[in-house]
Structures are given as C-alpha cells and as structure tokens.
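Please look over the chain shown here before reading on. The report is meant to be read with the sequence and the coordinates side by side.

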Amino acid sequence: MKIVQKSLAVVGLAALGMLFINAYQDAPTDENFQKQIINDYNVYAIQMPTYLEFAGEEVPLSNPDIYERMDKELLVNTYWQSNGLLMFKRAKKYFPIIEPILAKHGIPDDFKYLAVIESGLTDARSPAGASGFWQIMKATGREHGLEVNDNVDERYHLEKATEVACDYLIKAKRSLGSWTSAAAAYNAGNYGISKRLKAQDVTSYYDLLLGEETGRYVFRIIALKEILSNPDKYGFNFRDKDLYTTVPTYQVAVDTAVTDFADFAKQFGINYKILKLHNPWLREPQLNNKSRKQYYIDIPREGYYQTNP
C-alpha cells in the first residue's frame with residue numbers, strides 16, 4: 001500500500017512539474033507581450049483634412065494655431081469612441097426633427113452640430129441651469145415665449161427649443177456678420193463676442209484670443225460635423241440597425257388640468273414613464289393649467305411599446 005502511495009506521489013509531482021514547464025514556455029516574455037499589445041490596439045495621428053468649413057465659411061487651416069486647435073478637437077472626439085458612437089445613434093433619431101426647423105428659418109444645416117456639443121442630444125441640465133438639447137437659460141426661454149416653470153418647462157420641448165435657438169442665431173448673425181461668430185455667441189453671448197472683437201481690433205472668431213470654453217467651442221462643432229459626416233474615415237463601424245430611431249407619435253390636445261398623468265397615460269395604452277419620455281417638458285405628475293391654455297401632448301402610436309397592465 002505504501003509503495004502504491006509513493007508511486008502516485010512521484011507521478012503527481014512529475015505531472016505538476018510538466019505543467020509548470022509548459023506554463024513557463026507558453027507565457028510571453030515582456031518583449032513579446034509588448035509587441036502583442038501594439039499589434040492588438042493601435043492609436044494613429046488624425047490625418048487633417050485639407051479643407052474644412054462651417055456654414056459655408058472656411059476654416060483657416062493654413063494658420064498654425066488654427067491647425068493645432070482643430071487637430072486637438074478631432075483627436076479628442078475621434079478617440080472618445082463610446083461618446084462618438086452614442087452621437088451617431090442619437091443623431092439618426094433627432095436630426096430629422098431639428099433639420100427642417102433650421103431650414104425653415106434659413107439657418108445653415110451645420111448648426112445641428114451645435115446641439116450635439118451643447119447637450120449630447122439629451123435633455124441635459126447644466127450647473128448654471130441651462131436646460132434641454134439647446135441648453136437654454138430660464139430667462140432666455142421666457143424672453144422668446146417659452147413657458148418655463150416647475151409645472152411646464154418648454155426648454156425641454158425639442159421643436160419649440162429649436163425655434164428659440166434659430167431666433168437667437170439669426171439675431172447673432174445679423175449683429176456679428178458671420179455664422180462662425182454667431183455660433184461663438186451662442187456660448188459667450190452677442191455682447192461678449194462683439195466686445196472682444198472690438199477690444200482686440202479684429203473681425204473674425206479665428207483671430208480672437210478667448211478663454212478655454214469659447215476658444216474651443218466652434219472647433220468642437222466643426223470636429224463633430226467632420227466625424228459624424230465621415231464615420232468610416234474616423235474608424236466608427238456600425239450598421240443602420242444599430243442606430244436609434246424615432247417612435248411615431250400623434251398629438252392629443254389638452255385645454256384643462258390633468259390631475260394624474262399616470263391615469264391619463266393608461267387611456268392611450270402606455271404608462272407614465274413612456275408619456276414623460278415623449279413629453280419631457282411636462283415636469284410634474286399633473287398639469288395645473290389654471291389659464292386653460294391648449295397644450296399638445298405627444299402619444300406614441302400603438303405597437304411600439306410593451307407595457308404591463
């Protein structure tokens with residue numbers, strides 16, 4: 001019995017030794033491991049386009065400062081891959097809503113990319129209180145006819161907020177003379193850009209010395225335009241079915257108070273969450289509507305959501 005045990009122990013030790021030998025032989029050396037990493041993932045410099053423009057206005061890439069700043073934004077946004085893919089997905093869903101409103105007002109189509117950098121095409125809220133896709137401040141929204149209060153906040157109404165953005169941009173273009181400066185004014189204000197142009201005795205955004213945020217602002221818009229317009233060139237791979245799509249809706253007119261939106265939603269075969277997804281401007285579980293104003297609430301068409309009773 002002892003002889004058998006000793007024999008088994010010897011065999012076990014030999015097998016264990018072979019495992020260690022094989023493991024050592026299979027383990028890559030530091031040099032091979034580094035080569036494997038290099039071969040598995042590569043980071044490339046971005047090939048700068050020879051020509052870029054925003055709203056028909058050329059970017060002066062021959063200026064070395066402009067070249068470097070543009071290169072920076074292309075690099076940052078190309079290699080922020082997860083965010084980039086989300087922008088492609090959301091753009092498919094929301095650009096068809098934004099584009100015709102811009103066109104109706106004669107605003108260049110490139111301004112849809114301003115909404116991309118402002119909010120990532122989400123109903124974002126900034127620490128300063130700017131809200132919605134176009135990041136409109138409360139006072140600005142009210143000045144342009146939006147209802148903004150705790151119960152209803154139309155800064156979150158995409159179509160109405162886009163109308164406000166158009167109005168602002170038209171006035172900025174008229175005041176500052178170029179669409180590029182108008183885009184910068186969306187960040188720094190008409191007065192802010194006008195004051196700096198005058199103080200520095202220049203006429204172009206590209207000649208201004210500005211703070212970090214406004215100094216990057218237009219370059220970020222142009223970078224997102226370039227990347228979203230050329231996914232293959234910048235290494236983004238997806239199928240059309242990977243992108244988000246708009247759920248068709250119809251509108252229900254409401255000119256009275258709604259005491260409970262959860263019950264209201266059930267009348268249309270949806271729940272409260274889905275109602276709010278399509279109407280983020282409704283900020284509370286009820287609609288006060290003391291003035292008996294007529295509102296139009298978007299209801300998704302049947303068959304797109306599955307909800308439990």
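## Overall make-up

This is a predicted model, and its protein chain has 12 helices and 4 strands. Of the 309 residues in that chain, 41% count as buried.

## Helix α4 and its two partners

Helix α4 covers residues 81-104 and helix α5 covers residues 112-119; their axes come within 9 Å and cross at roughly 130°. The two helices are therefore oblique to each other, and α4 passes α5 in a right-handed crossing. On the α4 side the contact is made by Met 87, Phe 95, Ile 98, Glu 99 and Leu 102, which meet Lys 112, Tyr 113, Ala 115 and Val 116 of α5. Sorted by class, this contact has 7 nonpolar and 2 charged residues, with no polar ones.

Helix α4 also packs against helix α7 (residues 158-176), where the axes come within 10 Å and cross at roughly 40°. This arrangement, too, is described as oblique, because a crossing angle counts as roughly parallel if it is under 35 degrees, and α4 and α7 are therefore oblique to each other. The crossing of α4 past α7 is right-handed. From α4, the residues in this contact are Tyr 94, Ile 97, Ile 98, Ile 101, Leu 102 and Lys 104, while α7 supplies Leu 158, Glu 159, Thr 162, Glu 163 and Cys 166. By class, the contact of α4 with α7 has 7 nonpolar, 1 polar and 3 charged residues. Ile 98 and Leu 102 of α4 take part in the contact with α5 and also in the contact with α7.

## The enclosed helix α8

Helix α8 (residues 179-188) is largely enclosed by the rest of the structure, because 8 of its 10 residues are buried. The buried residues are Trp 179, Thr 180, Ser 181, Ala 182, Ala 183, Ala 184, Ala 185 and Tyr 186.

These buried residues pack against the strands β1 (53-54) and β2 (57-58), and against the helices α5, α7, α9 (190-200) and α10 (212-229). Just after α8 comes Gly 189, which takes a positive phi of about 90°.

## Aromatic pairs

A search of the whole structure finds 14 aromatic pairs. In one of them, Phe 95 and Tyr 113 have ring centres 5.6 Å apart and planes at 90°, so the pair is edge-to-face. This pair links distant parts of the chain, with Phe 95 in helix α4 and Tyr 113 in helix α5, 18 residues apart. Phe 95 counts as buried at 8% relative accessibility, and Tyr 113, with a relative accessible area of 7%, is buried as well.

Another pair is formed by Tyr 168 and Tyr 186, whose ring centres are 5.5 Å apart and whose planes stand at 80°, so this pair is edge-to-face. Tyr 168 lies in helix α7 and Tyr 186 in helix α8, so the pair ties together parts that are 18 residues apart in sequence. Tyr 186 has a relative accessible area of 14% and is therefore buried. Elsewhere, ring pairs link Phe 54, Phe 111 and Trp 179 into a cluster, and Trp 179 is also among the buried residues of α8.

## Two glutamates

Is Glu 73 buried or exposed? This residue is found in helix α3 (residues 64-78), and because its relative accessibility is 2%, Glu 73 counts as buried. Leaving aside residues up to four places away in sequence, Glu 73 touches Arg 216, Phe 219, Arg 220 and Ala 223.

Glu 284, by contrast, sits in the loop between α12 (272-278) and β4 (295-300), and its relative accessible area of 25% means that Glu 284 is partly exposed. With residues up to four places away in sequence again left out, Glu 284 touches Asp 150, Asn 151, Phe 261, Tyr 272 and Lys 276. The C-alpha atoms of Glu 284 and Asp 260 are separated by 9.5 Å, the two residues being 24 residues apart along the chain.

Technical notes:
Residues are numbered from 1 along each chain as its sequence is written. This is a predicted model: local features need pLDDT of at least 70, side-chain atom pairs count only at pLDDT 80 or more; totals for chains, interfaces and linings use all residues. Side-chain values use heavy atoms; hydrogens and water are left out. Axes are lines fitted to C-alpha atoms, for helices over the stretch in contact, and angles run from 0 to 180 degrees between N-to-C directions. Angles under 35 degrees count as roughly parallel, over 145 as roughly antiparallel, 65 to 115 as roughly perpendicular and the rest as oblique. A crossing is left-handed if the near helix is turned anticlockwise from the far one by less than a right angle, and right-handed if clockwise. Contact means heavy atoms within 4.5 Å. Ala, Val, Leu, Ile, Met, Phe, Trp, Tyr, Cys and Pro count as nonpolar, Asp, Glu, Lys and Arg as charged, and the others, Gly among them, as polar. Buried means under 20% relative accessible area, exposed over 50%, partly exposed in between (1.4 Å probe, protein chains only). Rings of Phe, Tyr and Trp (its six-membered ring) pair if their centres lie within 6.5 Å; planes under 30 degrees apart count as stacked, over 60 as edge-to-face and the rest as tilted.
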